[in-house]
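Okay, thanks for making time, everyone. I'd like to walk you through a few spots in this one, so let's get it up on the screen.

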Amino acid sequence: MFPRRQNGHAWINFVALLCLCGRSASQLSYTISEELNKGTVVGNIAKDLNLNIQELETRDIRLVSSYSKTYFDVNLRTGNLFVNERIDREELCSYLTKCLLRLQVLLSNPMNAHRIELNIMDINDNSPAFIENTYSLNIFESSLTGERYILPVAVDADVGSNSVKTYKLSPNDHFSLDIQSSGEHGVSAELVLQKALDREKQSEITLVLTAVDGGKPPRSGSLQIRINVLDVNDNKPTFSKSLFKVSVTENTAPGSLIIKLNATDLDEGINSKIVYSLIKQGNIDPSTKFSLNQETGEIKVKDKLDYEDIPAYEVRVQAQDQGPFPRSAYAKLLIEIIDVNDNAPEISVSSLMTPVKEDAEMGTIVAFVTVSDKDGGNNGGTSCNVVGSVPFKLKSNYKNDYSLVVDGPLDRENISFYNVTIQATDEGSPPLSNIKIITVEVSDVNDNAPQFIETVINVFVKENSPTGSVICKISALDPDLHHNAKLTYSLLDSVPKYIPVSSVLNINSETGEMISLQSFNFEEMKTFQFKVQATDSGVPPLSSNITVNVLVLDENDNSPSILAPYSEHGSVNSENIPYSAEAGYFVAKIRAVDADSGYNALLSYHLSEPKGNNLFRIGTSTGEIRTKRRMSDNDLKTHPLVVLVSDNGEPSLTATVSIDVVVVENTADIQTQFRHVPMKEDNFSDLNLYLLVAIVSVSVIFLLSLISLIAFRCHRTDGSFSRYSAPMITTHPDGSWSYSKSTQQYDVCFSSDTLKSDMVVFPAPFPPVDGELISINGTDTFTRTQTLPNKEKVGYWLGYFNYVLIEEIVSSGGQD
């Protein structure tokens, strides 16, 4: 027995049991009384769990329960477990002998779970009470002494020693009280006639029945008994026995017969005709579950029985005769309900700690799971497990308490959430099961580096482009989320090393746009390489690189330059030729170069003569000035010539040189820089033979490649040649020839002069198709792998093509 209050504090009986379940679960048990004052200390959790006081706050101690009220809390400074709300045992555990209140103590860093079981002891805070205030009893005056009469039972919400323990009867001359104890079913009282009644003297007797509980101090409740003294029937019915016991399963169908009662009466006639009835006792009305045939005494199931609600019924049965003054007999019927497995286990989830980080370690607690079954015995035993292949499992904490923990690697990029199915199965026959689905979200961590679609990209930039232009935009992807996927871009080392990329370009760290810091000059820098790094904002940050090749495209910003000996600006040069010179006589050769590349560096030579003078011609591609015919007496002795050199850019840039050609009579007077070179055109050397073979070979390979290309393109367009015009071969006056189509043109230029043999092969200003192979003298092969969008980009590769071919031929010619 526990006093309700003592010196402002409740008396607490502490029993602590520490049961380790693995490394993360234990149990503490406390026994306290109900109705304790708010703030009453139950025990010290820190001491009982062997924890330092400082650990309570750092480990974020929490109390978790499934109750609607927060009955207890923890003082983080002292570790004391104290009462937080009023505890009413009758509200929590009505009519149960043992009242247990269960809590979970959750500690973080590392995650531990402890179970607290609090046994709530009853105090005597409820008085016994009768259902009715007045009870009437009819007793015949012929009743013999010693006859017994059942009295109503008092109800006390308290249990154990605080429940009803005895009854008292007010003093009188005729009746005494016989108290009967039914063990766990409580006590009952019967009224015993001690002295014969005399209706003529006293027709009504009023008594007071008092129910007293076992509390200290005891509490009581009263019932007024009115006894009506009747006359005559002197024999009462008699049951075969005073106590009947019967068992019935809870799934027995309504209408099934349970038992047939039998009572006899020694009287005859109407005084021996017996009528049976059920007597309501306390707050349980047996007539709601059972039906009684008044004439036959058959008791049948009336409504569905439920072992989980009431495991047993104690029924009082009355047998009453039909005499003018009916007499009654009473018997007790104990109906035990046999449990069947009709309740599936129930699964409840508390403290669902979601989302879970994708790098969570094995054993990380996700949720607490409790399984319960209303059935009894083996039917109430349960087992619980996770269904399916998921990286989670159940870990048993204590009896039917489990922890859902991580049991495998998590990857948010593959699966962002899991529907974890938990199945609980009881031990009944057949077993029943239940499932519950818990949605566990997986949160992102920075475990993925940014990714570029390509490892190397080529960027084409026009020279002389304005400063501040956006030359390209770099973009990377990161499969992570939110802050872990926010990328910043930065520039890294460059090639060549002497050109710091930070002085040439700048990059927008957020958008990846690369902005030029200067105007590019193709003649100074044709290409350079650098790396861009994409870094995410995770902790720690992850990064990846991409290589960027910047190719500067040439523009026609350089005029042709005349080479020596005709390079002096504004000077007039002179050349002498004999009067006897034949047609095709070599006069001079103009050489010019262009700092540009490709088409912008492709030069052509044109001759500007006085009107009507058609004595000289110049090779448009070679720059060689030759006579068209023999001299005549009508021709002038001095011929001023102006040579115009123009490139193939848009717009074209030009340069001019002036030459005076003087006709002399004596060949000995001719002073040229080429006198040491033989001038005979019919002298065919071995070098010219090799050159001719090379030219023919290149021409054949070119024609075969061109025919194959045309066939391929026609085949790709379903055999239609409508897109192409007929090919045309053109012979120029200077001895060169060209092959041209509507989409491309190739010129091969060579000289018949024995002084040198120059050859230039160049395509028309259209980009070659992807993968086209161009062969130079069978030695150098250039493969184009990227389609250039315009003529300027073709020029980049054409410059290299012309340079290699001219160098190859010039090197084989010797002097030039």
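Setting aside neighbours within four places in sequence, Asp 596 is in contact with Glu 463, Glu 523, Asp 554, Glu 555, Asn 556, Asp 557, Asn 558 and Ala 601. Keep in mind that this is a predicted model. Where does Asp 596 sit? In the loop between strand S45 (592-593) and strand S46 (604-608). Asp 596 is buried, and yet there's no salt bridge for it: the nearest side chain of opposite charge, Lys 526, is 9.3 Å away. What Asp 596 does have is a side-chain polar contact with the side chain of Asn 558, at 2.7 Å.

Okay, salt bridges elsewhere. How many does a search of the whole structure find? That would be 15. Take Arg 327 and Glu 147, whose side chains meet at 2.5 Å, N to O. That pair links distant parts of the chain, 180 residues apart, with Arg 327 in the loop between strands S23 and S24, and Glu 147 in the loop between strands S9 and S10. Arg 327 counts as buried because its relative accessibility is 4%, under the 20% cut-off. Glu 147 counts as buried too, at 10%.

Glu 665 and Lys 637 form a salt bridge, with the closest N and O atoms 3.6 Å apart. Glu 665 lies in the loop between strand S50 and helix H5, and Lys 637 in the loop between strands S48 and S49, so the pair ties together parts 28 residues apart in sequence. Glu 665 is exposed, at 59% relative accessible area, while Lys 637 is partly exposed, at 45%.

Next, the cysteines. The whole structure has one disulfide, and it's formed by Cys 93 and Cys 99, with their sulfur atoms 2.0 Å apart. Why is this disulfide called right-handed? Because the torsion about the S-S bond is about 55°. Cys 93 is buried at 8% relative accessibility, and Cys 99 is buried at 1%.

Last stop, the nonpolar cores. The largest has 27 residues, and those touching the most other members are Ile 474, Tyr 489, Met 514, Phe 530, Val 532 and Val 548. Several elements each supply at least two residues of this core, including strands S34, S40 and S41 and helix H4. Apart from it lies another core, of 26 residues, among them Leu 28, Leu 49, Leu 103 and Ile 116.

Key: Residues numbered from 1 in each chain as written. Predicted model: local features only at pLDDT ≥ 70, side-chain atom pairs only at ≥ 80, totals over all residues. Heavy atoms only, no water. Helix = DSSP H or I, 4+ residues; strand = E, 2+ residues; numbered from the N terminus. Buried < 20%, exposed > 50% of the residue type's maximum accessible area, 1.4 Å probe, protein only. Lys, Arg positive; Asp, Glu negative; His and termini not counted. Salt bridge = Lys/Arg side-chain N within 4 Å of Asp/Glu carboxyl O. Polar contact = N/O pair within 3.5 Å; in protein donor to acceptor, adjacent residues only side chain to side chain. Contact = heavy atoms within 4.5 Å. Core = buried A, V, L, I, M, F, W, Y, C linked by side-chain atoms within 4.5 Å. Disulfide = S-S within 2.5 Å.
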